[in-house]
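I opened this notebook to keep track of what I looked up, going from one part of the fold to the next. The sequence and the model come first, and my entries follow.

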Amino acid sequence: MKKTLAAIAVCLAAALAAPVAAAQADAASKDAGASVDEAIAFAKDLTGKATAALSSTKTKADQLSDFQAVLSEGLALDVIGKFMIGDTRKSMSEAQLARYDAAFPPYLTKLYADQFADIIGRPLTVIDAKALGPRDVIVRTQFTRKEGAPINLDWRIRKLQTGDQKAIDIIVGGVSIMLVKREEFSAFIAQNSVDALIARIEKEGKA
(Lines give C-alpha, C1' and ligand atoms only; values in the text may rest on other atoms or scores of the structure.)
Protein backbone atom coordinates (compact mmCIF):
# COMPACT_ATOMS: atom_id res chain seq x y z
CA MET A 1 0.00 0.00 0.00
CA LYS A 2 2.76 2.36 0.99
CA LYS A 3 4.60 1.59 -2.27
CA THR A 4 1.44 2.30 -4.25
CA LEU A 5 0.93 5.67 -2.53
CA ALA A 6 4.58 6.56 -3.08
CA ALA A 7 4.27 5.72 -6.77
CA ILE A 8 1.14 7.84 -7.07
CA ALA A 9 2.90 10.74 -5.33
CA VAL A 10 5.83 10.49 -7.75
CA CYS A 11 3.48 10.48 -10.73
CA LEU A 12 1.58 13.51 -9.41
CA ALA A 13 4.81 15.40 -8.77
CA ALA A 14 6.00 14.65 -12.29
CA ALA A 15 2.66 15.70 -13.76
CA LEU A 16 2.72 18.98 -11.87
CA ALA A 17 6.36 19.68 -12.70
CA ALA A 18 5.98 19.06 -16.44
CA PRO A 19 4.00 22.24 -17.22
CA VAL A 20 6.42 24.30 -15.12
CA ALA A 21 9.45 22.84 -16.90
CA ALA A 22 7.80 23.39 -20.27
CA ALA A 23 7.02 27.00 -19.37
CA GLN A 24 10.59 27.57 -18.23
CA ALA A 25 11.98 26.03 -21.41
CA ASP A 26 9.64 28.18 -23.50
CA ALA A 27 10.71 31.30 -21.62
CA ALA A 28 14.38 30.40 -22.04
CA SER A 29 13.84 29.86 -25.77
CA LYS A 30 12.13 33.24 -26.08
CA ASP A 31 14.95 34.92 -24.12
CA ALA A 32 17.55 33.31 -26.39
CA GLY A 33 15.65 34.47 -29.46
CA ALA A 34 15.39 38.00 -28.09
CA SER A 35 19.13 38.02 -27.29
CA VAL A 36 20.02 36.94 -30.82
CA ASP A 37 17.74 39.60 -32.34
CA GLU A 38 19.23 42.26 -30.08
CA ALA A 39 22.76 41.20 -31.02
CA ILE A 40 21.96 41.33 -34.74
CA ALA A 41 20.50 44.83 -34.35
CA PHE A 42 23.56 45.90 -32.36
CA ALA A 43 26.01 44.55 -34.97
CA LYS A 44 24.13 46.30 -37.78
CA ASP A 45 24.04 49.56 -35.85
CA LEU A 46 27.75 49.36 -35.02
CA THR A 47 28.82 48.62 -38.59
CA GLY A 48 26.52 51.36 -39.86
CA LYS A 49 28.10 53.93 -37.58
CA ALA A 50 31.60 52.68 -38.45
CA THR A 51 30.85 52.96 -42.15
CA ALA A 52 29.52 56.49 -41.74
CA ALA A 53 32.66 57.49 -39.83
CA LEU A 54 35.17 56.11 -42.32
CA SER A 55 33.32 57.09 -45.51
CA SER A 56 32.57 60.73 -44.64
CA THR A 57 34.00 63.72 -46.49
CA LYS A 58 36.20 64.63 -43.53
CA THR A 59 39.98 64.38 -43.50
CA LYS A 60 41.56 60.98 -42.90
CA ALA A 61 42.60 62.07 -39.42
CA ASP A 62 39.05 63.14 -38.55
CA GLN A 63 37.61 59.95 -40.05
CA LEU A 64 39.90 57.88 -37.86
CA SER A 65 38.98 59.93 -34.80
CA ASP A 66 35.26 59.44 -35.47
CA PHE A 67 35.76 55.73 -36.11
CA GLN A 68 37.69 55.32 -32.86
CA ALA A 69 34.85 57.05 -31.01
CA VAL A 70 32.34 54.60 -32.53
CA LEU A 71 34.42 51.58 -31.50
CA SER A 72 35.13 52.99 -28.06
CA GLU A 73 31.37 53.06 -27.52
CA GLY A 74 30.63 49.71 -29.15
CA LEU A 75 33.52 47.55 -27.93
CA ALA A 76 34.08 46.25 -24.40
CA LEU A 77 37.61 47.65 -24.47
CA ASP A 78 38.34 46.82 -20.83
CA VAL A 79 37.36 43.16 -21.35
CA ILE A 80 39.40 42.90 -24.56
CA GLY A 81 42.42 44.67 -23.08
CA LYS A 82 42.55 42.37 -20.06
CA PHE A 83 42.17 39.29 -22.23
CA MET A 84 44.97 40.27 -24.62
CA ILE A 85 47.53 40.97 -21.88
CA GLY A 86 46.55 37.76 -20.07
CA ASP A 87 48.17 36.67 -16.82
CA THR A 88 50.97 39.19 -17.29
CA ARG A 89 48.56 41.77 -15.88
CA LYS A 90 48.88 40.19 -12.42
CA SER A 91 52.57 41.07 -12.21
CA MET A 92 52.35 44.59 -13.67
CA SER A 93 52.88 47.63 -11.48
CA GLU A 94 50.19 50.28 -11.04
CA ALA A 95 52.17 52.62 -13.30
CA GLN A 96 52.40 49.97 -16.02
CA LEU A 97 48.70 49.18 -15.76
CA ALA A 98 47.82 52.86 -16.05
CA ARG A 99 49.97 53.25 -19.17
CA TYR A 100 48.62 50.07 -20.74
CA ASP A 101 44.97 50.91 -20.03
CA ALA A 102 45.46 54.39 -21.51
CA ALA A 103 47.32 53.16 -24.62
CA PHE A 104 45.15 50.16 -25.43
CA PRO A 105 41.92 51.84 -26.70
CA PRO A 106 43.59 53.97 -29.41
CA TYR A 107 45.83 51.04 -30.34
CA LEU A 108 42.95 48.61 -30.82
CA THR A 109 40.65 51.02 -32.64
CA LYS A 110 43.50 51.99 -34.98
CA LEU A 111 44.13 48.29 -35.61
CA TYR A 112 40.48 47.73 -36.53
CA ALA A 113 40.46 50.82 -38.75
CA ASP A 114 43.30 49.30 -40.78
CA GLN A 115 41.51 45.91 -40.87
CA PHE A 116 38.27 47.46 -42.13
CA ALA A 117 39.76 49.81 -44.73
CA ASP A 118 38.94 47.44 -47.61
CA ILE A 119 35.30 46.83 -46.68
CA ILE A 120 34.03 50.14 -45.32
CA GLY A 121 31.05 51.31 -47.34
CA ARG A 122 30.48 47.91 -48.91
CA PRO A 123 27.11 46.11 -48.55
CA LEU A 124 26.73 44.01 -45.40
CA THR A 125 24.54 40.95 -45.06
CA VAL A 126 23.75 39.06 -41.86
CA ILE A 127 23.99 35.39 -42.83
CA ASP A 128 23.78 33.69 -39.44
CA ALA A 129 23.46 34.31 -35.71
CA LYS A 130 23.52 31.93 -32.77
CA ALA A 131 23.75 32.05 -28.99
CA LEU A 132 27.11 31.05 -27.53
CA GLY A 133 26.54 30.35 -23.84
CA PRO A 134 24.19 32.36 -21.62
CA ARG A 135 25.58 35.83 -22.42
CA ASP A 136 27.24 35.78 -25.85
CA VAL A 137 25.88 35.76 -29.39
CA ILE A 138 27.92 35.25 -32.56
CA VAL A 139 26.59 37.33 -35.46
CA ARG A 140 28.09 36.33 -38.81
CA THR A 141 28.08 39.04 -41.44
CA GLN A 142 29.42 39.13 -44.95
CA PHE A 143 30.85 42.09 -46.84
CA THR A 144 31.23 42.19 -50.60
CA ARG A 145 34.40 43.73 -52.00
CA LYS A 146 35.28 45.60 -55.16
CA GLU A 147 37.70 42.79 -56.00
CA GLY A 148 38.02 39.27 -54.65
CA ALA A 149 35.74 37.02 -52.65
CA PRO A 150 33.42 38.38 -49.95
CA ILE A 151 34.80 38.71 -46.41
CA ASN A 152 33.08 37.05 -43.47
CA LEU A 153 33.13 38.93 -40.17
CA ASP A 154 31.88 37.30 -36.99
CA TRP A 155 30.88 39.68 -34.21
CA ARG A 156 30.93 38.21 -30.71
CA ILE A 157 28.36 40.28 -28.84
CA ARG A 158 28.04 40.07 -25.08
CA LYS A 159 25.27 41.36 -22.85
CA LEU A 160 27.04 42.88 -19.86
CA GLN A 161 25.70 42.91 -16.31
CA THR A 162 24.62 46.51 -16.91
CA GLY A 163 22.34 45.25 -19.69
CA ASP A 164 24.42 46.96 -22.40
CA GLN A 165 25.38 45.12 -25.58
CA LYS A 166 29.09 45.25 -26.42
CA ALA A 167 31.32 43.53 -28.97
CA ILE A 168 34.12 41.58 -27.29
CA ASP A 169 35.69 40.12 -30.42
CA ILE A 170 35.66 40.57 -34.19
CA ILE A 171 36.63 37.44 -36.11
CA VAL A 172 37.88 38.19 -39.63
CA GLY A 173 37.85 35.30 -42.08
CA GLY A 174 37.67 32.81 -39.19
CA VAL A 175 40.61 34.38 -37.35
CA SER A 176 40.02 35.91 -33.91
CA ILE A 177 41.96 39.13 -33.57
CA MET A 178 41.74 38.79 -29.79
CA LEU A 179 43.45 35.38 -29.82
CA VAL A 180 46.06 36.40 -32.36
CA LYS A 181 47.00 39.50 -30.40
CA ARG A 182 47.03 37.65 -27.07
CA GLU A 183 49.60 35.20 -28.45
CA GLU A 184 51.53 38.03 -30.09
CA PHE A 185 51.64 40.07 -26.86
CA SER A 186 52.78 37.03 -24.85
CA ALA A 187 55.60 36.24 -27.29
CA PHE A 188 56.70 39.88 -27.48
CA ILE A 189 56.85 40.22 -23.68
CA ALA A 190 58.83 36.97 -23.39
CA GLN A 191 61.41 38.26 -25.86
CA ASN A 192 61.45 41.86 -24.66
CA SER A 193 59.52 43.22 -21.66
CA VAL A 194 56.17 44.61 -20.53
CA ASP A 195 57.50 48.16 -20.82
CA ALA A 196 58.62 47.45 -24.39
CA LEU A 197 55.12 46.20 -25.29
CA ILE A 198 53.47 49.26 -23.75
CA ALA A 199 55.84 51.56 -25.63
CA ARG A 200 55.01 49.69 -28.85
CA ILE A 201 51.23 49.97 -28.53
CA GLU A 202 51.57 53.62 -27.50
CA LYS A 203 53.47 54.26 -30.71
CA GLU A 204 51.20 52.20 -32.97
CA GLY A 205 48.08 53.79 -31.50
CA LYS A 206 49.32 57.21 -32.58
CA ALA A 207 50.57 56.18 -36.02
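Which residues of H2 are buried? I started with this question, and I found that Gln 63, Phe 67, Gln 68, Val 70, Leu 71 and Gly 74 are buried in H2, where buried means under 20% relative accessible area, exposed over 50% and partly exposed in between, with a 1.4 Å probe and protein chains only. They cover an arc of only 160 degrees around the axis, which puts them on the same side of H2; the arc is that of the directions from the helix axis to the C-beta atoms.

Before going on, I noted the ground rules. This is a predicted model, in which local features need pLDDT of at least 70 and side-chain atom pairs count only at pLDDT 80 or more, while totals for chains, interfaces and linings use all residues. Residues are numbered from 1 along each chain as its sequence is written, and side-chain values use heavy atoms, with hydrogens and water left out.

**Entry: overall make-up.** I counted six helices and five strands in the protein, and both kinds are DSSP runs numbered from the N terminus, helices being H or I with at least four residues and strands E with at least two. Read from the N terminus, the order of elements is α-α-α-α-β-β-β-β-β-α-α. Of the 207 residues, 35% are buried. The protein exposes about 12,000 Å², of which carbon and sulfur atoms supply 57%; these accessible areas come from the Shrake-Rupley method with a 1.4 Å probe, and for residues only the protein chains shown count as cover. I also looked up contacts, meaning heavy atoms within 4.5 Å, and among those with a separation of 6 or more, 53% join residues 24 or more positions apart.

**Entry: back to H2.** I checked the length of helix H2 (residues 60-74): at 1.5 Å a residue its 15 residues should span 21 Å, and its end C-alpha atoms are 21 Å apart, which agrees. The expected span here is 1.5 Å times one less than the number of residues. On the face turned away from the buried side I found the exposed residues Ala 61 and Glu 73. Gln 68 counts as buried at 16% relative accessibility, and, leaving aside neighbours within four places in sequence, Gln 68 is in contact with Pro 106, Thr 109, Lys 110 and Gly 205.

Lys 159 stands opposite Gln 165 in S4, and Leu 153 has Val 172 in S4 as its bridge partner. S3 and S4 form a hairpin with five residues between them, and Gly 163 in the turn has a positive phi of about 95 degrees.

S4 and S5 pair in the antiparallel sense over two bridges, and the partner of Ile 171 in S5 is Ser 176. Their hairpin has two residues between the strands, and Gly 173 takes a positive phi near 60 degrees there.

Entry: Is Val 137 buried or exposed? I found Val 137 in strand S2, and at 4% relative accessibility Val 137 counts as buried. The C-alpha atoms of Val 137 and Ile 40, 97 residues apart along the chain, are separated by 8.7 Å.

In the loop between strand S1 (124-132) and strand S2 (136-143) I found Gly 133, which is exposed with a relative accessible area of 53%. Arg 135 has its place in the loop between S1 and S2 and is partly exposed, at 42%. Not counting residues up to four places away in sequence, Arg 135 touches Ile 157, Arg 158 and Lys 159.

Terms used
Pairing = 2+ DSSP bridges.
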